[in-house]
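Please look at the sequence and the structure shown here before reading on. The paragraphs after them walk through the fold step by step.

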Amino acid sequence: MKYLLGYPETLLAQVRELIAEGRLGEMLAKRYAEPHEVRTDRALFDYTQALKSRFMRSAEPLVKVQYDQKLKVMKHALGTHTTVSRVQGNKLKAKREIRVDALFREAPAAFLKMIVVHELAHLKEREHDKAFYQLCQHMEPDYHQLEFDLRLYLTHRDMQPKGID
C-alpha cells in the first residue's frame with residue numbers, strides 16, 4: 001500500500017479489510033461511476049482553462065496543458081507544472097505548462113478534476129503548505145477525500161494483473 005504511507009493505522013486496517021474482502025474496486029466504482037470525455041490534449045487544455053477562469057482569473061496564463069505518457073506515479077508525478085523561461089530581447093518571458101499523467105484519460109471524472117485543481121493551485125502556491133491546500137479546497141471542496149480515494153484507486157489499480165505484452 002505504497003500510496004497510503006503516512007495514513008493512520010486504523011484507516012489502513014479498513015483498507016486492508018476492503019482488499020481482503022475483494023470490495024475495494026466495487027466501492028470505488030460505485031462512488032466514482034461518472035466518466036469524463038476529456039480524452040485529447042485540446043480537451044484537457046479547455047477543461048483546465050475553464051477551471052482556471054472560474055477560480056484563478058488573475059493567475060499567470062497557461063500555454064500548454066497535455067496528457068503525458070512519461071510521468072511516473074511514484075515520483076510525485078500524477079501531474080506536473082513547469083515554467084519555461086526564455087529571454088526575448090531585454091525581457092524574460094515565462095510560459096506556464098501543466099502535464100497530467102495519461103492514466104487520467106481513463107480515470108473517473110472526479111480524479112481528473114482533483115489532479116487539475118492540484119496543478120492549478122501550484123500556479124499561485126509553489127509548496128504543499130496550508131495556503132496551497134486551502135486553494136485546492138476552494139476550487140474543489142472535497143479535495144482531501146478525493147486525494148485519499150485517488151490513492152485507493154492507484155492501490156487497486158496496482159493490484160490488478162498486468163496485460164500480456
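Predicted model: local features only at pLDDT ≥ 70, side-chain atom pairs only at ≥ 80, totals over all residues.

Residues are numbered from 1 along each chain as its sequence is written, and side-chain values use heavy atoms, with hydrogens and water left out.

The protein chain has six helices and three strands, where helices (H or I, at least four residues) and strands (E, at least two) are DSSP runs numbered from the N terminus. Followed along the sequence, these elements give the pattern α-α-α-β-β-β-α-α-α. Of the 165 residues of the chain, 41% count as buried; buried here means under 20% relative accessible area, exposed means over 50%, and partly exposed lies in between, with a 1.4 Å probe and protein chains only. The chain exposes about 10,100 Å², and carbon and sulfur atoms supply 51% of that area, as computed by the Shrake-Rupley method with a 1.4 Å probe, where for residues only the protein chains shown count as cover. Among the contacts (heavy atoms within 4.5 Å) with a separation of 6 or more, 64% are between residues 24 or more positions apart.

H3 has 15 residues and reaches 21 Å from its first C-alpha to its last, close to the 21 Å expected at 1.5 Å a residue; the expected span is 1.5 Å times one less than the number of residues. Its buried residues are Leu 44, Phe 45, Thr 48, Leu 51, Lys 52 and Phe 55. They lie on the same side of H3, because they cover an arc of only 130° around the axis, the arc being that of the directions from the helix axis to the C-beta atoms. On the face turned away from this buried side, H3 carries the exposed residues Arg 42 and Arg 54.

Helix H5 can be read in a similar way. In H5, Phe 132, Leu 135, Cys 136 and Met 139 are buried, and they sit on the same side of H5 because their arc around the axis is only 100°. These buried residues of H5 pack against H3, H4 and H6.

The next topic is the core. In soluble globular proteins, nonpolar side chains tend to be buried together. A nonpolar core is a set of buried Ala, Val, Leu, Ile, Met, Phe, Trp, Tyr and Cys residues joined through side-chain atoms within 4.5 Å. The largest one here has 44 residues, of which Val 100, Phe 104, Leu 112 and Leu 120 touch the most other members. At least two residues of this core come from each of helix H1 (9–20), helix H2 (24–31), H3, strand E1 (62–68), strand E3 (91–101), H4, helix H5 (130–139) and H6, and H4 gives the largest share, eight residues. Not counting residues up to four places away in sequence, Leu 120 touches Thr 48, Leu 51, Lys 52, Met 56, Leu 62, Ile 98 and Met 139.

Rings of Phe, Tyr and Trp (its six-membered ring) pair if their centres lie within 6.5 Å, and planes under 30 degrees apart count as stacked, over 60 as edge-to-face and the rest as tilted. By this rule the count comes to five aromatic pairs. One of them joins Phe 111 and Tyr 153 in a tilted arrangement, 5.2 Å centre to centre with 55° between the planes. This pair links distant parts of the chain, since Phe 111 is in helix H4 (residues 109–121) and Tyr 153 in helix H6 (residues 143–159), 42 residues apart. Phe 111 is buried, with a relative accessible area of 0%, and Tyr 153 is also buried, at 17%. Together with Tyr 32, these residues form one aromatic cluster.

Leaving aside neighbours within four places in sequence, Lys 64 is in contact with Phe 45, Arg 96, Glu 97, Ile 98 and Arg 99, and Gln 66 touches Asp 41, Leu 44, Ile 98, Arg 99 and Val 100.
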